[in-house]
Amino acid sequence: MKQVVQNYKSGELALLDVPVPGCKPGGVLVRSLYSLISTGTEMMKVSEAGMSMVGKARSRPDQVAKVMQSVATNGVGATYRKVMNKLDSYTPLGYSLCGVVEQVGAGIDDVAVGDLVACAGNEFALHAELNWVPQNLYARVPDGLAPRHAAFGTVGSIAMQGVRQGEPQLGEVALVIGLGLIGQLVVQLLAASGVRVVGVDPDPARCELAERLGAAACGDPASAGVAAAVAELTGGHGVDQVYLAAGGSSNQPVELAAQLSRDRGRIVDIGKCRLDLPWNAYYEKELDVRFSRSYGPGRYDPAYELEGRDYPIGYVRWTERRNLACFLDLLARGSVDVEPLVSKVADFDDAVETYQLLKDGGLKAVAVLFQYPDAAVEAVDAPVLNVPAVAARPAPARAAKASLRLAFIGAGNYATSMLLPHLARRDGVELSTVVTTTALSAANAQRKFGFAEATTDLDAVLGDPSVDAVFVATRHSSHAALTERALRAGKTVFVEKPLALTGDELAGVLAAVEESGNERLQVGFNRRFAPLLQEARGRFGAPTGPASLRYLVNAGKLEHGSWYLKQDTEGSRFEGEGGHFIDTASWLLGADPVSVYAVTTPGNEDLQVLLRYPGGSTATISYVSNGAPGFPKETLDLVADGQVLRLDDFVRASVYSSGTAGSKRWVSSRLPKARDKGQRAELDAFLEAVRTGGPMPVPLESLVATTAATFAVRASLAADAPVTLERT
């Protein structure tokens, strides 16, 4: 097998053919899929190897002390030979990877051959095709987590242990000095814990990345902006905790930490930086300086790491292995996002060249992954669903109209109960024509709602130049085709959800948009227009850090004979309704989903859908049919930035927030009979856009992204794997 090694004496890096390690008792043999280069720790080691002997001595005074002790004990000659022998040997690199269990050693019963595991340890999780890893240094990868992300497990554990040492509390303010790989992870972990973060790094790109991932503000250590941000966030008191995630020989980090810390603040050293503490500054504030030991309790303890002796959880809650498993869980739930940190994925065969590029500065990176041959095969098989791009010629300006003529295609239960009552006899609106497939249903709609005409002739409506907008409220299987025809006829279209049931149908709609230049389309995603939710969102504000959203839909059982049961022609129940909930989540989170993972309960239609968003936000939609009928149909919780938004079935909404003045709570409610899911407000916005010629209420790109996400649910269920959404 191949392994990356380095000669510390000469600095030579090599990709060697070495024997496959044996599978000893108490551990597993793991075939690597991805391993992570630590651009801080590893590159420091690589750089030191290229120094002169004097330079090596200066960089490692701890080792020099050991050499001097050996000289005193064993003499100069014996010590020299011992040191030169050690220096002139190949040493391994790497300590964080994800791979597949290939063989299980005696005494191991928590994993099996074929399981995906994340591994840690600079003696075990090496840049090598195969590694033997003891039990307490691996953890199973949760279902749905990509192997390339699980390879961050060890560095994530290092960041997590540092955060634990800082003992952050909800509402506190933290300063992270150094926004490399560890620093970026610390920022996200703190943000996920409800802590506001200020970041410090001389690299503007890293500052910008940290702000995207949840930091409130970032800047150069020499700039006045950092101190100003700290003063604003803390009321001038200083930060509650400082995390030193920087390296190098400068003493600036510890000096800045004292300057910006509050009285009795906590300072945690995670990186390897100079610690010449300015006595007066640290004494006067009585600062609490703490060290974070690598991945957590168990590190450097042979009984724990090699012999598999775990610490009782009642005495040591977070060990190395528990930190590793916890970080993997945060990744799987989307509370931490490592994808933006990946600067390059290099083939393992190019390992030496990659290290050289990093060392010479030809590759500026936060994180670099090695991809092994088996990972390339896996990546080919990973499900990907393309989200089609929207291409429409700019629509000509339209003159504002005093009154509008509307036509309806379809007059079923939803149209007659939820749409037409809001439109009938409305000032400035004329219901011109209703089109149905049966004469009697058209006549009934005409009688109830005052349509000027009733017909079964669709062409007569689409060819009528006086019709300003067309509503498509038919069976799901016809939505896309009717929408396409109406767009090509130059009409503004309101189509009830879903917009389409297949990728081909969606492509047909977008082709009509592109070829006609008519992008005047709205899909009936009404929840985002609900007044109660609108008010709650306004009080909550746009999330600035990673957010977590939970949406429970207590859908109930379908009645016998419901056309929702005709999945072969009308699509599944979730394909019909699910767009509502995906659209609401995306609107609240301010982005479109980037991946979808869905699982179903065997034997029924219940679904659990996990949506991941840029910046680490996640939404979980639980769509269930076996709940109690008396329980509310829709409940939603949004957690971000130290706040919680709660919606109870569009009857009651609450926002809880915390600040320097303490916790605050806003509550608004309405009578159950006054439940408003936004149909009237949605129609108001649509009619205003038609009347004025202004932008449609929801961007077409968002409608397409939501529709594609519903397709991804079906694809994920079929593949039993997450589906990545990629824009084409």
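Let's start with Tyr 295, which sits in the loop between strand 14 (288-291) and helix 12 (302-305). Helices here are DSSP runs of H or I with at least four residues, strands are runs of E with at least two, and both are numbered from the N terminus. A word on the model: it is predicted, so local features need pLDDT of at least 70 and side-chain atom pairs count only at pLDDT 80 or more, while totals for chains, interfaces and linings use all residues. Residues are numbered from 1 along each chain as its sequence is written, and side-chain values use heavy atoms, with hydrogens and water left out.

Is Tyr 295 buried or exposed? Tyr 295 counts as buried, because its relative accessibility is 3%. Buried means under 20% relative accessible area, exposed means over 50%, and partly exposed is in between, using a 1.4 Å probe and protein chains only.

Which residues does Tyr 295 touch, leaving aside neighbours within four places in sequence? Among them are Tyr 95, Asn 122, Gln 161 and Glu 320. Contact means heavy atoms within 4.5 Å. Tyr 295 and Arg 322 are 27 residues apart in sequence, and their C-alpha atoms are 9.7 Å apart in space.

Now over to helix 16, residues 413-423, whose buried residues are Ala 415, Leu 419, Leu 420 and Leu 423. Looking down the axis of helix 16, you find these residues within an arc of 90°, so they line one face of the helix. That arc is taken from the directions from the helix axis to the C-beta atoms. The partners of these buried residues include strand 18 (404-409), helix 17 (439-449) and helix 24 (679-692). After helix 16 comes Arg 425, with a positive phi near 55°.

How do helix 16 and helix 24 pack? Their axes are 9 Å apart, at an angle of about 60°. This makes helix 16 oblique to helix 24. Under 35 degrees would be roughly parallel, over 145 roughly antiparallel, 65 to 115 roughly perpendicular, and the rest is oblique. The axes are lines fitted to C-alpha atoms over the stretch in contact, and angles run from 0 to 180 degrees between N-to-C directions.

On the helix 16 side, the contact includes Tyr 414 and Met 418; on the helix 24 side, Leu 683 and Leu 687 are among the residues.

To zoom out, the protein chain has 25 helices and 32 strands. Of its 728 residues, 51% are buried.
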